[in-house]
Amino acid sequence: MGCCLDIADTIKVTFFMCLDPFFRIGRWLCPRSRKSIKGEIVLLTGAGHGLGKEVAFRLAELGPVLVLWDINQENNETVANKLKAAGHTVFSYKVDVTNEQEVIQVANRVKQEVGDVSILINNAGVFSGQPLVNLPSHIIRRCFEVNSMAHFWTLQQFLPRMIELNRGHVVAVASIAGHQGVPYMTDYCASKYAAAGMMEALNMELQFMGKKDIHLTTINPIIITTGLISNVKSRFPCLLPLLTVEKTADIVIRSILKEEEEVFIPKRSEYLKNLVECFSRRTRFKILDYVGYGFDPVVITKQPARNGGAEIV
């Protein structure tokens, strides 16, 4: 009986593997319609500047209740006040998302003062851009605390209610650097690999639990030009452009509304990643060196806020 069951399961899995390309083509030909988030409670971390700020302004136009978190209270209040003046419902909180106890305390306030968060967007991120041998230990720790560990603290506060209701949406701003190594970004790449891996594992976990109405979206942009660093270069900008915050925010919003699972910005960066992964490490280096996409680490113009929106992802 056990042998027959194994054979049946093998046939079933093989069948789905063969159909997968057709499923992909079908999704491309008939994309999902956009959902409405009017009235939903959306929590956005790193909302005070950069990508988070732009996402906040675009989200507000769609009618949700916005909950803005940022460690920079002044920036966060500025964004919140502008949105409130435009007639939107916004709550703002000063939070260091790397501090687990602080996340717990503020999350409890949100639950009491606003309600159940139905869409959680983990956007906060930091970046240093240093050779590994020059990275101080506190910079490495901070990178992981903001870009990776903070996701666990926010999820542990808001995911249980989503599981209880079997509805919700979790969004993580990861990076192409979470799938492909980049020189002078060892700490950043490692932290974004961790965030992307966590989202993949969580997706599997929710599937095993039968919580198919909780959606996960992982956003993987390439370099966003926000002024954090200068002398960013691209040998073939038509292939790998330097993204603007505005364009990236537009795609983030579209991806949330369509409940897309994994998004690369621009889309062709995913194809390049898949192509490069087919080769040995030496050949991968040659390809990436030929593309000429990156920056000079000695021309970093300023350090990011301790916990602002992801400036370079």
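1. Let me start with β6 and strand β7 (residues 262–265), which pair in the parallel sense over four bridges. In β7, Glu-262 is the bridge partner of Thr-218. Please keep in mind throughout that this is a predicted model.

2. On its other pairing, β6 joins β5, again in the parallel sense, over six bridges. Here His-215 in β6 is the bridge partner of His-169. With α6 included, β5, α6 and β6 make a right-handed β-α-β unit.

3. Is strand β6 (residues 214–221) enclosed or open? Seven of its eight residues are buried, so the strand is largely enclosed by the rest of the structure.

4. Ile-256 is 86 residues from Val-170 in sequence, and the C-alpha to C-alpha separation in space is 9.1 Å.

5. Strand β2 (residues 65–70) pairs with strand β3 (residues 90–94) in the parallel sense, over five bridges. Leu-66 has Val-90 in β3 as its bridge partner.

6. Leu-66 comes up again in the packing. Not counting residues up to four places away in sequence, it touches Val-42, Ala-56, Leu-59, Ala-60, Leu-83, Thr-89, Val-90 and Phe-91.

7. Which residues of the largest nonpolar core touch the most other members? Of its 39 residues, they are Val-55, Leu-59, Leu-66, Leu-68, Leu-83 and Ile-121. Helix α7 (residues 245–257) gives the most to this core, with seven residues. There is also a second, separate core of 32 residues, which includes Val-114, Trp-153, Leu-202 and Leu-206. As background, nonpolar side chains tend to be buried together in soluble globular proteins.

8. Next, the rings. A search of the whole structure finds two aromatic pairs. One of them, Phe-127 with Tyr-188, is edge-to-face, with 5.4 Å centre to centre and 80 degrees between the planes. The pair links distant parts of the chain, 61 residues apart: Phe-127 sits in the loop between β4 (119–122) and α5 (137–165), and Tyr-188 in helix α6 (residues 186–208).

9. Are Phe-127 and Tyr-188 buried or exposed? With the cut-off for buried at under 20% relative accessible area, Phe-127 counts as buried at 5%, and Tyr-188 is buried too, at 2%.

10. A ring with a charged neighbour is also worth a look: Lys-111 lies over the face of Phe-158, at 5.8 Å from the ring centre.

11. Finally, some totals for the protein chain. There are nine helices and seven strands. Of the 313 residues, 47% are buried. Among contacts between residues at least 6 apart in sequence, 74% join residues at least 24 apart; the link between Phe-127 and Tyr-188, 61 residues apart, can be viewed with that figure in mind.

Methods:
Residues numbered from 1 in each chain as written. Predicted model: local features only at pLDDT ≥ 70, side-chain atom pairs only at ≥ 80, totals over all residues. Heavy atoms only, no water. Pairing = 2+ DSSP bridges. Helix = DSSP H or I, 4+ residues; strand = E, 2+ residues; numbered from the N terminus. Phe/Tyr/Trp six-rings, centres within 6.5 Å; stacked < 30°, edge-to-face > 60°. Buried < 20%, exposed > 50% of the residue type's maximum accessible area, 1.4 Å probe, protein only. Lys NZ or Arg CZ within 6 Å of the ring centre and 35° of its normal. Core = buried A, V, L, I, M, F, W, Y, C linked by side-chain atoms within 4.5 Å. Contact = heavy atoms within 4.5 Å. Right-handed = clockwise from strand over helix to strand, strands pointing away.
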